[in-house]
Amino acid sequence: MKQGTLITKAVIALIFLAIIAYIGFSAFHGVFNPFETVRVYTGTIEDTQTLNGWIVRDELVLPSVEGLVNLRATENEKLAKGQVIALTYRDELSMGSQENTRTLTNQLSSLNYALADNSPSGTVLEEQLQAGMCSLRSAAGDYESLIDDAAAFKGLILRREYLYAPDVATAMGLASISLGESLTALQNSVHSSSSNAVYASQSGVFSTRLDGFESVFTSQSISPVSVSKLKNLAAQHTQSLSSVGKLVTSSQWYYAAILEAEHANRFAVGTEVSLRFASVTTPITMNVTEISAIEDGSVAILFSGNRALSDVIGLRAQSAEAVFRQNTGIRVPKQAVRVLEDNAVGVYTVTGYTAEFKPVSILAESEDFYLLAANPKNADDKRILRPGDEVILATTDLYDGKVVR
């Protein structure tokens, strides 16, 4: 019994000493290990030019209105000529009367649809019910479309009730008569005519975002572009009082920017440039339309495009970056890149316990790092630098296969 206890204590002591030795070795290795490393990942370097300017659109400010406004058009909606944009009301009572009229009209329409002999039945009715459910889902967030789709879907449901529950047919007929009488009485009331409609005088894209420059920055006013012209236009401003919004009448829009003349040679008329606006998520490709003469050390550049109008419909003064070139590779600190005696360029990575040389090519550089791509000698060369590799930074006496762990 006593001997067993001594053996157990000896084993515990050995384990304890082993742990202490491991901790001590790790601490020594961490302090004195000359092989500093870093994990490398994908990075990007861009060649860009900063611009400052104004977004230009052909816009029609809608007439000023008085009273309460009920918008029927939604932001960025494409409208046809003659389409209702908004209804205006004299007071809240008039607005309530009109909303009640619309509700009764939809209810009566649904009932009459259900009672009509030429309304669908059987498989056709079921298919239309399924399509109606999909329309309701897609209309989420669009109040006007949701009202219309809900009324149509209700008509389909009532139609099915009418076909499969004949005892409700009489009740539906009586309800239709009652709704018709109520609607007629409401339409004849003094408040039913206390509204006016705002119509689209021409087709265009609707927006409520006004800034007072709608009639200042236009395609006609900016061309031919010049530095002094843009500065003069930017100093002008008009008020759009009580308007419900505007119509952008052309899908073609412009960006007029002022740039230091020394950078103007980076642009050429007729070429495409990717512009990344401060307030827009993704870059937009535009054409260089005009480049002005030099004025006070600056030039004006006019870009044109017909993409992403909805992203810029409410923007005016905007900074942007013209992106000329973009390189993506593995971002590695400059001190980690080595040139061997045979002029092979590469880095040493930690593979297991040893250093492994991996050949690379340099794609681009910044002040502190390179963007690299793996550059194996042939298809059988497995020395490929990948994101996540542990790269050894500057040190001496390093070679393939050297133990570094």
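Buried means under 20% relative accessible area, exposed means over 50%, and partly exposed lies in between, with a 1.4 Å probe and protein chains only. Both Arg316 and Glu59 are buried by this cut-off.

This is a predicted model: local features need pLDDT of at least 70, side-chain atom pairs count only at pLDDT 80 or more, and totals for chains, interfaces and linings use all residues. Residues are numbered from 1 along each chain as its sequence is written, and side-chain values use heavy atoms, with hydrogens and water left out.

**Overall make-up**

The protein chain has eight helices and 19 strands. These are DSSP runs, numbered from the N terminus: helices are H or I with at least four residues, strands are E with at least two. Of the 405 residues in the protein chain, 36% are buried. The accessible surface is about 22800 Å². Carbon and sulfur atoms hold 54% of that surface. Areas come from the Shrake-Rupley method with a 1.4 Å probe; for residues, only the protein chains shown count as cover.

A contact means heavy atoms within 4.5 Å. Among contacts between residues at least 6 apart in sequence, 75% join residues at least 24 apart.

**An open sheet**

Four strands form an open sheet in the order β3-β9-β8-β5, with antiparallel pairing. Its edge strands, β3 (59-61) and β5 (78-79), each pair on one side only. Two strands pair if DSSP finds at least two bridges between them. Strands β8 (residues 204-207) and β9 (residues 246-248) are joined by three bridges. Phe206 has Leu247 in β9 as its bridge partner.

**Nonpolar cores**

A nonpolar core is a set of buried Ala, Val, Leu, Ile, Met, Phe, Trp, Tyr and Cys residues joined through side-chain atoms within 4.5 Å. The largest has 26 residues. Leu51, Tyr255, Phe267, Leu275, Phe277 and Phe303 have the most contacts inside it. At least two core residues come from each of β2 (41-56), β10 (253-260), β11 (272-277), β12 (284-291), β13 (298-305), α8 (309-312) and β14 (317-333). Strand β10 gives the largest share, four residues.

Leu51 touches residues including Tyr255, Phe267, Leu275 and Phe303, not counting residues up to four places away in sequence. Its other partners include Gln318 and Ser319.

A second, separate core has 15 residues, among them Trp54, Val56, Val227 and Leu302.

**Salt bridges**

The structure holds 14 salt bridges. Each is a side-chain nitrogen of Lys or Arg within 4 Å of a carboxyl oxygen of Asp or Glu. Three of them are listed here.

| Pair | N to O distance |
|---|---|
| Arg266 and Asp47 | 2.6 Å |
| Lys246 and Glu59 | 2.7 Å |
| Arg316 and Glu59 | 3.1 Å |

Arg266 lies in the loop between β10 and β11 and Asp47 in strand β2, so the pair ties together parts that are 219 residues apart in sequence. Arg266 is partly exposed, at 29% relative accessible area. Asp47 is also partly exposed, at 22%.

Lys246 sits in strand β9 and Glu59 in strand β3, so this bridge ties together parts 187 residues apart in sequence. Both Lys246 and Glu59 are buried.

Arg316 lies in the loop between α8 and β14, 257 residues from Glu59. Lys246, Glu59 and Arg316 belong to a salt-bridge network that also links Arg57 and Asp211.
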